[in-house]
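This report describes a protein model for a reader who is new to structures. Please keep the sequence and the 3D view open while reading.

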Amino acid sequence: MKDKIKEKILIGGIRRIMKTNLMKNRMMGCIVIMIFMCSMFVGNAFAEELIQLPTDFADANIMDVKLIANEKNYQVGEKVMLLKVAPYIKEDSFMLPLEFLLDMMGMKQENMTWDQGTNVIRLFKGDNIIQMAIGKSQWRIDGRSIEMKTQVELKDGVVMVPLSMATKVWDTKYTYNSLTKTVTFSIQKEKKEVLKKGDYTYEELLERVYKYSRDLKRLDMNVDRAEMNKDEAKDRVKSTPIGTGNGEDDAARTSDYLELEQNRIELKKAENNIDMKKDQLAYDFKKAYDNILKQEDHMKIKKLELEIANENMKQMRIKYEYGSVSENEKIQAKRDEDQAKKDYEMALEDLDKDYEKLNDMVGFKKEERYSLEDRISFDVMDDEDVEYHIARMISISPEIWGSEQSVRMKDLGVKLYTFNAGGPSYGSKKMDLKEANMDLGDKKKAYGEKLRNTYKILKRYKDEYNNSILSYEKAKDDLKKAKIDLEIGSMTPIEFKRKTLDLEREKKNLKDKIMDYNELLMKYDKPWIN
């Protein structure tokens, strides 16, 4: 019922605006307020991102912001300012206006949505989403549930939230004097831009991958086992054969020596397996890490698409009331809105799955959520000469080394062959050596083909990356022009948001190209990765 009343009031207000020139100024004021509300954003994940304060707080590098329960006046440094609704104490919680808290934190360039039908409020900072509901004490931060002591509530049209939100959402420190009922924030004002830093860097989590890998633990045990086998084989060797032998005694001595050499190879192979496993884990982890960054960008785009669809639906309802659009157009707008909601919900679900996969690799609980450092850079390949790179990779490849050692052992089997001792014939041993050499040649050839194909794809990715830069720069220029058009009134807010969406799509495309290139470059530099 409340929703219908609100909608009627909204439609009635718009009718009056359209009929009366005097109301144009009021409408412009409303638009300014809406733009301000859509510019607010939230995030607890980037604890090291320096807070940039709005103009009202721009008097000092460090300043105290003081609020007193039941008083609308509050102090910013030496300034005294006014709140719409005074903070108050409820159920041992200090309640303060959400709008003030966002303003104090310098929130900008993103948005806040308020579904008055469901009373759900969503705050966005980059890809971090904080969801609350009026009348509820349970919050969701990036899908993770947090229980506050006190419910969010609406007082005189202002959303009031518990003070604990400042620490749980932004990790902001404050002091509270229970005698004077005064809250004091110490805020640092800083204009310098910094790169986004998350809760974890790539390097920090990769170390956890190594630490929690069961496969690496097993391979470590294999090294210990191979070391013991080598030592036992060494104790059995009495002398080193220098050529072919004759009879069972020579056969026994040669067998002990060959067993020692094989165990030495197995020890080195076990050590190589650890290095190769680390390379494989690093690659698998990078893909999982990048998938979260990609999905966060995807979710951000879906959120923007949903906002545009919601705004378009509101406009269609109003236009339909005036008869400027057909019922079919209104129905189509509703379908677009419903699809945008589904797409956004699916993006959230996919992000959850990506987090669960990464959590399994780094040893976190399935439900744990955090932010990742997003420092994407294009890694250019070192070896532009692909043939030189192939030769170098063949010379350091653990796989090729293993095949070369197989050839060496077959060669020793021929050189130290013992006649008149039974077992495979001398001719059979020579055939084994020839076959091992053929296998080694085939493996080297396969390495060459694989690396040449990878090189071609990397070159194509590089060209696509350069093209993506041009598209991204054009989208940035288009958005700059759109800002001017919005300011002079030749572009509507929804058209401006579409330009913002275009830029976000180009940004995502560029970042995806970089991540795909860097992942493939890992395989180019370490072709034993699957």
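## Terms and source

Helices (H or I, at least four residues) and strands (E, at least two) are DSSP runs, numbered from the N terminus. By that rule, Gln-295 is found in helix 7.

The model is predicted: local features need pLDDT of at least 70 and side-chain atom pairs count only at pLDDT 80 or more, while totals for chains, interfaces and linings use all residues. Residues are numbered from 1 along each chain as its sequence is written, and side-chain values use heavy atoms, with hydrogens and water left out.

## The chain as a whole

The protein chain has twelve helices and 16 strands. It has 530 residues, and 42% of them count as buried. Buried means under 20% relative accessible area, exposed means over 50%, and partly exposed lies in between (1.4 Å probe, protein chains only).

The protein chain exposes about 30,000 Å², and carbon and sulfur atoms supply 50% of this area. Accessible areas come from the Shrake-Rupley method with a 1.4 Å probe; for residues, only the protein chains shown count as cover. A contact means heavy atoms within 4.5 Å. Among the contacts in the protein chain with a separation of 6 or more, 71% are between residues 24 or more positions apart.

## The second largest pocket

Rolling a probe the size of a water molecule over the atoms shows where empty space is left. The search uses a 1 Å grid over the protein atoms alone, and a pocket is an open set of points with protein on both sides within 12 Å along at least five of seven lines. A cavity, in contrast, is a set of points where a 1.4 Å probe fits but cannot get out. Grid points are joined across faces, edges and corners, and a volume is the space filled by probe spheres set on the points.

The second largest pocket holds about 370 Å³ of space. Its lining consists of 16 residues, and Thr-254, Leu-258, Gly-413, Tyr-417 and Lys-429 lie nearest its centre. A lining residue has an atom within 4 Å of a point. Helix 7 (248–322), helix 10 (398–415) and helix 11 (426–488) each give two or more residues to this lining. Helix 7 gives the most, with four residues. Sorted by class, the lining has seven nonpolar, six polar and three charged residues. Here Ala, Val, Leu, Ile, Met, Phe, Trp, Tyr, Cys and Pro count as nonpolar, Asp, Glu, Lys and Arg as charged, and the others, Gly among them, as polar.

## Residues in helices

Which residues does Gln-295 contact, leaving aside its neighbours within four places in sequence? They are Ala-347, Asp-350, Leu-351 and Asp-354. Gln-295 has a relative accessible area of 12%, so it is buried. Lys-230, in helix 6 (residues 214–236), also counts as buried because its relative accessibility is 19%. Apart from neighbours within four places in sequence, Lys-230 is in contact with Leu-260, Asn-263, Arg-264 and Leu-267.

Lys-410 is found in helix 10. With a relative accessible area of 31%, Lys-410 is partly exposed. Lys-410 and Lys-429 are 19 residues apart in sequence, and their C-alpha atoms are 7.1 Å apart in space. Not counting residues up to four places away in sequence, Lys-410 touches Asp-432, Leu-433 and Ala-436.

## Aromatic pairs

A pair of aromatic rings is described by the distance of the centres and the angle of the planes. Rings of Phe, Tyr and Trp (its six-membered ring) pair if their centres lie within 6.5 Å; planes under 30 degrees apart count as stacked, over 60 as edge-to-face and the rest as tilted.

The structure holds 16 aromatic pairs. One of them joins Tyr-174 and Phe-185, which are tilted, at 5.8 Å centre to centre with 55° between the planes. Tyr-174 is in strand 13 (residues 174–177) and Phe-185 is in strand 14 (residues 182–188), so the pair ties together parts that are eleven residues apart in sequence. Tyr-174 is partly exposed at 28%, whereas Phe-185 is buried at 0%.

## Two loop residues

Lys-181 lies in the loop between strand 13 and strand 14. Lys-181 is not a glycine, although it has a positive phi of about 55°. Its relative accessibility is 36%, so Lys-181 counts as partly exposed.

Asp-156 lies in the loop between strand 11 (153–155) and strand 12 (158–162). Asp-156 has a positive phi of about 55° and is not a glycine. Asp-156 is exposed, at 69% relative accessible area.
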